[in-house]
Amino acid sequence: MTTAHAPGFTRPAAASAMHVARTLRLLPRNIVVALLRGYRAVISPLYGDVCRYYPSCSAYALGAVQQHGLGRGGFLAARRVVRCHPWAVGGVDDVPESHSSHFHVNRYGFVVDDHAHHGQGKG
């Protein structure tokens, strides 16, 4: 059985619509990524090297949101900030690995959909 397409509706148009939908889905995550990158560039240097953990809390938050999205990444970041206090032992505390491989981080730090970059290497 074949499916009929509406006049003027082509497969490239459907692929373009899917690309737009995927990009819009990632927009809130990337807005938070931009805010965190701005914080790390402008405000974080004012504090100096005071974090008890490696990576710093802001770097952890950035990685968590990039890898896990706003929901889980935001939870992981908040949990990390609550644990970071003057009496904390500290140490290395990396962001847990994400089980999803649908996205990757581009060279600017923004999260992009792998489907939008067929044939291109990650990074």
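**Salt bridges, ring contacts and surface of a predicted model**

D93 forms a salt bridge with R80, with 3.4 Å between the closest N and O atoms; a salt bridge here is a side-chain nitrogen of Lys or Arg within 4 Å of a carboxyl oxygen of Asp or Glu. D93 lies in the loop between β2 (91–92) and β3 (103–105) and R80 in helix α3 (residues 57–83), so the pair ties together parts that are 13 residues apart in sequence. Helices (H or I, at least four residues) and strands (E, at least two) are DSSP runs, numbered from the N terminus. The model is a predicted one, in which local features need pLDDT of at least 70 and side-chain atom pairs count only at pLDDT 80 or more, while totals for chains, interfaces and linings use all residues. Residues are numbered from 1 along each chain as its sequence is written, and side-chain values use heavy atoms, with hydrogens and water left out.

D93 also meets R83, again through a salt bridge between the side chains, at 2.2 Å from N to O. This pair links distant parts of the chain, with R83 in helix α3 and D93 in the loop between β2 and β3, 10 residues apart. At 16% relative accessibility D93 counts as buried, whereas R83, at 27%, counts as partly exposed; buried means under 20% relative accessible area, exposed over 50%, and partly exposed in between (1.4 Å probe, protein chains only). R80 is buried, as is D93. Through shared partners, the salt bridges join R80, R83 and D93 into one network.

By the distance rule, the count comes to 3 salt bridges. Another of these joins the side chains of D113 and R22, at 2.9 Å from N to O. Since D113 lies in strand β4 (residues 111–113) and R22 in helix α1 (residues 11–42), the pair ties together parts that are 91 residues apart in sequence. D113 is buried, with a relative accessible area of 5%, and R22 is partly exposed at 25%.

What about the rings? Charges over rings do turn up: the charged end of R83 sits over the ring of Y53, 5.7 Å from its centre, and that of R29 sits over the ring of F103, at 5.1 Å. The rule asks for NZ of Lys or CZ of Arg within 6 Å of the ring centre and within 35 degrees of the ring normal. The peptide bond from Y54 to P55 is cis, with omega near -5 degrees, and P55 is placed in the loop between β1 (53–54) and α3.

Zooming out, the protein has 3 helices and 4 strands, in the order α-α-β-α-β-β-β along the sequence. Of its 123 residues, 25% count as buried. Among contacts (heavy atoms within 4.5 Å) between residues at least 6 apart in sequence, 61% join residues at least 24 apart. The accessible surface comes to about 8700 Å², with 63% belonging to carbon and sulfur atoms; areas come from the Shrake-Rupley method with a 1.4 Å probe.

On that surface, V20, L24, L27, I31 and L35 make a nonpolar patch of about 480 Å². Patch residues have over 30% relative accessible area and no salt bridge, with nonpolar side chains (Val, Leu, Ile, Met, Phe, Trp, Tyr) joined within 5 Å. L24 is placed in helix α1 and is exposed, with a relative accessible area of 53%.

Terms used
Patches are made of residues with over 30% relative accessible area and no salt bridge: like charges are joined within 9 Å, nonpolar side chains (Val, Leu, Ile, Met, Phe, Trp, Tyr) within 5 Å.
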